[in-house]
Amino acid sequence: MVSAIEPEQIMFIMPDGSKVSALVRKSARARKASIALFLNAKLVLTVPASLPDHEIRQLPAHFIAWVEKLWRKGELKSRHLEVPDSIVLPLLAKNFILKRGMEAIGGKITGLGNEDYLLFKAGGKRILVTATGSELCLHGHHQDSRMCILALQAYVRKLAQIHLPDFIGDISASIGAGTLTVKVRNQGTRWGSCSKNPAAPFPVISINWRALLLSRQLLEHLCLHELTHLIHMNHSAAFYKELEKYSPNWKISEKALSCEWRHLPAWTCHFF
C-alpha cells in the first residue's frame, strides 16, 4: 500500500502496517523516476525536476514491490549508531585500535605527519584524531558518538583522498587507459562511477572513500570495472567481455563487491 503525504516525502505502508518513508529529490539531470536505498537505510526517490507534484504522488505504485522486497530482507532497518573498536584499511596495511584520549584540545599540533591527524569541527565541538602506530586516538568531545563517527569518517576520507587517486592512476597506466581525473566522493548508493564530458579535458573516475576498506584484490577489481567504462559506458555484454581481459574472475568479484557493500561497518553508513 502507498500513502503520499507531500511531494517532498512519500510513505510506503508495509504488509504489517508499518510505514517506510522515501525522500523525493528533484533532479535537472534525471530523465525518469528512480528509487535507491542509501547506506543509512534511507530511501530516495529521484524524479525529473519538471515532473508535476500530482504525477510524483502516483509514482510509488511502480516501486512498492521493490520496497516490500527490501523490507522483507530487513534492509530498511536503521543501523545502531556506535563508535567502532577498530578500523581495518587493507590498502595501507593498517589495523587501527581505537582509543579515547584527552578531553581538552589546545595548542599547535606538532610531531605528526599529514596522514597522522585530523581536526574535525562541528556545532562548536571539536574532535582531534591522531594516528600513532596501530592506535587511532580520539581527543576532545569523544563522549559524543555522533561527533566521533563524523570525525572517523572525515579521517578515513582524508586518507582515501591521499591514496586512492594514485592507486587508480597506477592501474590505469598498467592497462594503457590514459590520463584521467580521479575524485574521491561520499556516494551513498555505489562504489564508484565513470563519466566522460566533452567539455572536460579528461574522463572522471569517482570513487567512494569507503573503497579504502576493501581488500586490495577487490579494490583493484573495482578500479578495473570503472576504467572499463572508458570504453563502454554501460553494463552490456561487450562491457563484461572487455572487463574479463583485465579481471578474469569478474563474476566472483562483482558478487563480492555487492556483499561488501551490504555489510559495510555501521559507522561508515551514517549520513548526518
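Q: Which strands does helix H3 lie across, and at about what angle does H3 run to S8?
A: This is a predicted model, so read every feature below as computed. Helix H3 covers residues 145–174. H3 lies across S6, strand S7 (94–100), S8, S9 and strand S10 (135–140). The helix runs at about 135° to S8.

Q: In what order do the strands S6, S7, S8, S9 and S10 form their sheet?
A: Read the order across the sheet, then the pairing. Here 5 strands form an open sheet in the order S6-S7-S10-S9-S8. The pairing is mixed. Strand S6 (86–89) and strand S8 (117–122) are the edge strands, and each pairs on one side only. From one strand to the next, the twist averages 20°.

Q: How many bridges pair S8 with S9, and in what sense?
A: Strand S9 spans residues 125–132. S8 and S9 pair in the antiparallel sense over 6 bridges. For one example, take lysine 121: its bridge partner in S9 is arginine 126.

Q: Which other strands does H3 lie across?
A: H3 also lies across S11 and S13. To S11, H3 runs at about 155°. These strands belong to an open sheet of 3 strands, in the order S11-S13-S12, with mixed pairing.

Q: Why is one side of S11 and of S12 left without a neighbour in the sheet?
A: Strand S11 (181–185) and strand S12 (192–195) stand at the edges. Each has a single partner strand, so one side of each has no neighbour in the sheet. Ignoring direction, neighbouring strands of this sheet are turned by 20° against each other on average.

Q: What describes two packed helices?
A: The general idea takes two values: the angle between the axes and the distance between the axes. Now the case here. Helix H4 (residues 216–228) and helix H6 (residues 250–262) have axes that come within 10 Å and cross at roughly 105°. Angles of 65 to 115 degrees count as roughly perpendicular, so H4 and H6 are roughly perpendicular to each other.

Q: Which residues make the contact of H4 with H6?
A: H4 supplies Leu218, His221, Leu222 and His225. H6 supplies Trp250, Ser253, Glu254, Ala256, Leu257 and Glu260. By class, the contact has 5 nonpolar, 3 polar and 2 charged residues.

Q: Is serine 27 buried or exposed?
A: Compare the relative accessible area with the cut-off. Buried means under 20%. Serine 27 has 11%, so serine 27 is buried. Serine 27 sits in strand S3 (residues 19–27).

Q: Where does histidine 270 lie?
A: Histidine 270 lies in the segment after H6. Its relative accessible area is 15%, so histidine 270 is buried. The C-alpha atoms of histidine 270 and glycine 74 are separated by 17 Å, with the two residues 196 residues apart along the chain.

Q: How many helices and strands are in the chain?
A: The chain has 6 helices and 13 strands. Of its 272 residues, 43% are buried.

How values were computed. Residues are numbered from 1 along each chain as its sequence is written. This is a predicted model: local features need pLDDT of at least 70, side-chain atom pairs count only at pLDDT 80 or more; totals for chains, interfaces and linings use all residues. Side-chain values use heavy atoms; hydrogens and water are left out. Helices (H or I, at least four residues) and strands (E, at least two) are DSSP runs, numbered from the N terminus. Buried means under 20% relative accessible area, exposed over 50%, partly exposed in between (1.4 Å probe, protein chains only). Two strands pair if DSSP finds at least two bridges between them. Axes are lines fitted to C-alpha atoms, for helices over the stretch in contact, and angles run from 0 to 180 degrees between N-to-C directions. Contact means heavy atoms within 4.5 Å. Angles under 35 degrees count as roughly parallel, over 145 as roughly antiparallel, 65 to 115 as roughly perpendicular and the rest as oblique. Ala, Val, Leu, Ile, Met, Phe, Trp, Tyr, Cys and Pro count as nonpolar, Asp, Glu, Lys and Arg as charged, and the others, Gly among them, as polar.
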